[in-house]
Amino acid sequence: MSPNYIAKRLVMIVYTLFIVSLIVFAITQILPADAAVMMLGENATQEALDALRQTMGLDAPIWQQYATWFWHVLQGDLGTSLRTGQPVGPAMFEALGRSLLLAFLSIGLMLIIAIPLGIVAAVRRGKVADMVVSLVSYAGVALPEFVTATVAVLVFADWMKWLPPTGYVPLTENFASGIAHLVLPVCVISVILIAHVSRMVRSELVDVLHTDYIRAARLKGISRGDVLRRHALRNALLPTITIVALDVGYLLGGVIVVEEIFAIPGIGRQLIVAIQARDLPAIQAGVLIMAATYSIVNFIADILYAWLDKRIQYD
Amino acid sequence: MTEFMKRLLRTPQGFIGLALVLLVLLIVVFGPMIAPHDPEKLSPLARYKGPSLDYWLGTDQYGRDIFSRLLIGARATVVMAVLATIAGTLVGAFIGTTSAFLGGRADELIMRTIDAIMSIPSLLFALLVVNLLGSSTVNALVAVAIAFAPGMARITRSVALSVRKQDYVNAAIARGESSAYIIRREMLPNVIAPIIVEMTIRVSFAVMLFATLSFLGLGAQPPAAEWGLMVSEARRYMHLSAGILIWPSVAIAVVAVGFNLLGDGLRDALNPRT
């Protein structure tokens, strides 16, 4: 992995954020909402609106507004919320922290469950265990998060009364209660990931188990278990890194729905609130932060992959 | 064609998937005709009923027949998902083929831009587009199509590029066939197959995306019998009768599983090597 490659990838991230910023700015410009009207209300006088537009720079040409906004973003100023009047950046990053906690716990749970499932299915290919894993993964892929979330609340909160239905308690405030509130959302997000990743692990491992070097290792007299542990798994699990990184895209989408249902004040919920209130600076900041998270995660995954698998030579 | 059908039906995925999709299509076409009740008729005296001979799947919070609502809602949910997927695929295929055809720097620029767009989660993209256009079923369709186009463009391009390198294309060039012949007879049939597989699987994503948009209040509007909307409305009443929530969820799952299985079956049937 050459420094050249890393530099190229960093340029790619900057280009991605530039394109995303263009798209988001374009969308928020076409939105049938005017920031000045939003702030002063429908009954404001024309003079007051004009005055506010002038102070906010809304009377400038669009490209100039974009340039000003982009310049502020580069300096770390993501703008001021039309809804709360507070700076958008700090609020969004605080919300992102909560979402990342949710995401990391979900990925952790997924890895603990999906990898053994995939291995069992591949080793016992065509047997009952394989069929069961396939069935589970089809069911997982087929249920949208809002359905699993709603059913989970019905069963585990309403009927069983094991867990609190919705809400968010910071872990620093009350650890036990905080964890209890996170169990259902984390499980719901994991379901689709588990379904997807266990299928991928299965198919990668099935491919690896049919290669010549595995056959050679078996012929040398190494036991099946040792071949699996020492030779097959290493190669089969590496691509999982890339898949998990790409799944962060699904994850960020799923987080939007799950946070909305469980009333978790993460970035997804902030975005829904911003979209419903047509709070343009908040929408711009939220989408930009989400895209940045996705790009950075994929960048790290690529680096990690190349570092673990020395055969990969990026240039 | 019969040979292909035999191969498709021999795999369990293909058989079950085809059966489920055919069932769903039958419901889409004939559902409104066989629905035993008026899906929007309110019966205040028959609310939260369990399954019975009169109401097969029970009634909802307004005493409407859930079975009839599911039969009629199939059109709103499934037809829209299929149309959105086709629209997204056509746009994506056009961009992908153009990119592969142009090659070089233009290709690089187009694909990097597509990558950039794909860093916005498709649900978020759809939310933004719907919000821009206003909440309605047609706008949700446009939003889902736009959200799908970049992914389809990427797939179409990679398929087109790999097919272009195949020996049979080179052989056709060596035989002196015209470009039109090569594209039409050699490349197109091999490009279309993987795209149809991908499209079939994506219909199930589209169903879920539509349902999610309706659930968030940005797709179909009450009192429509859209399945996602039914789940959303059921949330407040689910502790009174679980059926209101369960049946539309099952319907969404059946459609999604059906298209998913059919896609996997098609992939196996089109790929005789595996």
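Chain B and chain A bury about 3600 Å² between them, and carbon and sulfur atoms give 79% of that area. Buried area here is the accessible area (1.4 Å probe) that two parts lose on being put together, summed over both. On the chain B side, B:Leu128, B:Asn131 and B:Leu132 supply 17% of what that chain buries against chain A, more than any other three residues. In terms of contacts (heavy atoms within 4.5 Å), 39 residues of chain B meet 43 residues of chain A.

A quick note on provenance: this is a predicted model, where local features need pLDDT of at least 70, side-chain atom pairs count only at pLDDT 80 or more, and totals for chains, interfaces and linings use all residues. Residues are numbered from 1 along each chain as its sequence is written, chains are lettered from A and ligands numbered from 1 in the order in which they are written, and side-chain values use heavy atoms, with hydrogens and water left out.

Back to the interface. Five residue pairs are in polar contact between chain B and chain A, both residues being at pLDDT 80 or more. A polar contact is a pair of N or O atoms within 3.5 Å; within protein, one must be able to donate a hydrogen and the other to accept it, and residues adjacent in sequence count only if both atoms are side-chain atoms. The side of chain B that touches chain A draws at least two residues from each of α4 (104-117), α5 (122-133), α8 (179-215), α9 (227-234) and α10 (243-270) of chain B. Its largest share, nine residues, comes from α10(B). Helices (H or I, at least four residues) are DSSP runs, numbered from the N terminus.

Now for the salt bridges (a side-chain nitrogen of Lys or Arg within 4 Å of a carboxyl oxygen of Asp or Glu).

| Pair | N to O distance |
|---|---|
| A:Arg199 and B:Asp264 | 2.8 Å |
| A:Asp130 and A:Arg202 | 2.9 Å |
| A:Asp226 and A:Arg230 | 3.8 Å |

The A:Asp130 and A:Arg202 pair links distant parts of the chain, 72 residues apart, from helix α6 (residues 128-142) to helix α8 (residues 175-209) of chain A. A:Asp130 counts as buried at 5% relative accessibility, while A:Arg202 is partly exposed at 21%. Buried means under 20% relative accessible area, exposed over 50%, and partly exposed in between (1.4 Å probe, protein chains only). The cross-chain pair runs from A:Arg199 in helix α8 of chain A to B:Asp264 in helix α10 of chain B. A:Arg199 is partly exposed at 28%, whereas B:Asp264 is buried at 8%. A:Asp226 and A:Arg230 are separated by about one helical turn, because they sit four residues apart in helix α10 of chain A. Chain B also has a salt-bridge network linking B:Glu108, B:Arg112, B:Asp115 and B:Arg154.

Finally, the nonpolar cores, meaning sets of buried Ala, Val, Leu, Ile, Met, Phe, Trp, Tyr and Cys residues joined through side-chain atoms within 4.5 Å. The largest has 138 residues, and A:Phe146, A:Phe262, A:Val287 and B:Trp227 touch the most other members. Helix α10 (residues 224-262) of chain A gives the largest share of this core, 16 residues. Apart from it lies another core of nine residues, among them B:Val163, B:Met187, B:Val191 and B:Ile195.
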